Amino acid sequence: MLMSDAPGFPCPSCKAPISTTLQSLFSGRIYCSNCKLELRLEEKASREALTAAHRLDDSIQKAEAMKADALDLNHVQPKAPERSRSRPRRP
Ligand SMILES: [Zn+2]
C-alpha cells in the first residue's frame, strides 16, 4: 500500500486519500475529490486543533514575511566589502 506524504486522511466512504489544506480546515468543509463526499468538521471538537493550526499558519506567514523582508533588505543594501572599510594595520 502506497502512503503519501501529503497531509490528509483516507475518505471514510471510498478510502481515497483526501488531502486537507489549512484553508479547507478553516472553512470547516472538506470534499472527497473521488466520490464527492462532503465532510464537515465539528467546530467545537476541532477548535483547539484549528486554533493551533491557525497560530502555526500565522507564524509561518509572519516568518515568511520577515524572511522576504530580510532577503529584500540584503538585496537593496548589499554588504560593503571589508577591504574598502578596514585598512591593514601598521606596526
Ligand atoms: Zn470518497
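This is a predicted model: local features need pLDDT of at least 70, side-chain atom pairs count only at pLDDT 80 or more; totals for chains, interfaces and linings use all residues.
The protein chain has 91 residues, and 2% of them count as buried.

**Overall layout**
- You will find three helices and four strands in the protein chain.
- Following the sequence, these elements come in the pattern β-β-α-β-β-α-α.
- If you take the contacts in the protein chain between residues at least 6 apart in sequence, 19% of them join residues at least 24 apart.

**The loop between E1 and E2**
- Strand E1 covers 8–10 and strand E2 covers 17–19, and Lys15 lies in the loop between them.
- Lys15 is not a glycine, yet its phi is positive, at about 70 degrees.
- Is Lys15 buried or exposed? Lys15 is exposed, because 11 other C-beta atoms lie within 10 Å.

**The loop between E3 and E4**
- Lys36 sits in the loop that runs between strand E3 (29–31) and strand E4 (38–40).

**Tyr31 in strand E3**
- Tyr31 belongs to strand E3.
- Which residues does Tyr31 touch, leaving aside those up to four places away in sequence? They are Lys36 and Glu38, and Lys36 is the loop residue described above.
- Tyr31 has 13 C-beta neighbours inside 10 Å and therefore counts as partly exposed.
- From the C-alpha of Tyr31 to that of Cys11 is 9.1 Å in space, with the two residues 20 apart in sequence.

**Ala49 in helix H2**
- Helix H2 spans residues 43–76, and Ala49 is part of this helix.
- Why does Ala49 count as exposed? Ala49 does so because it has 11 C-beta neighbours inside 10 Å.
- Ala49 and Leu25 are 24 residues apart along the chain, and 9.8 Å separates their C-alpha atoms.

Methods
Residues are numbered from 1 along each chain as its sequence is written. Helices (H or I, at least four residues) and strands (E, at least two) are DSSP runs, numbered from the N terminus. A residue is buried if 20 or more other C-beta atoms lie within 10 Å of its own, exposed if 12 or fewer, and partly exposed in between; C-beta atoms are placed from the backbone. Two residues are in contact if their C-beta atoms, placed from the backbone, lie within 7 Å.
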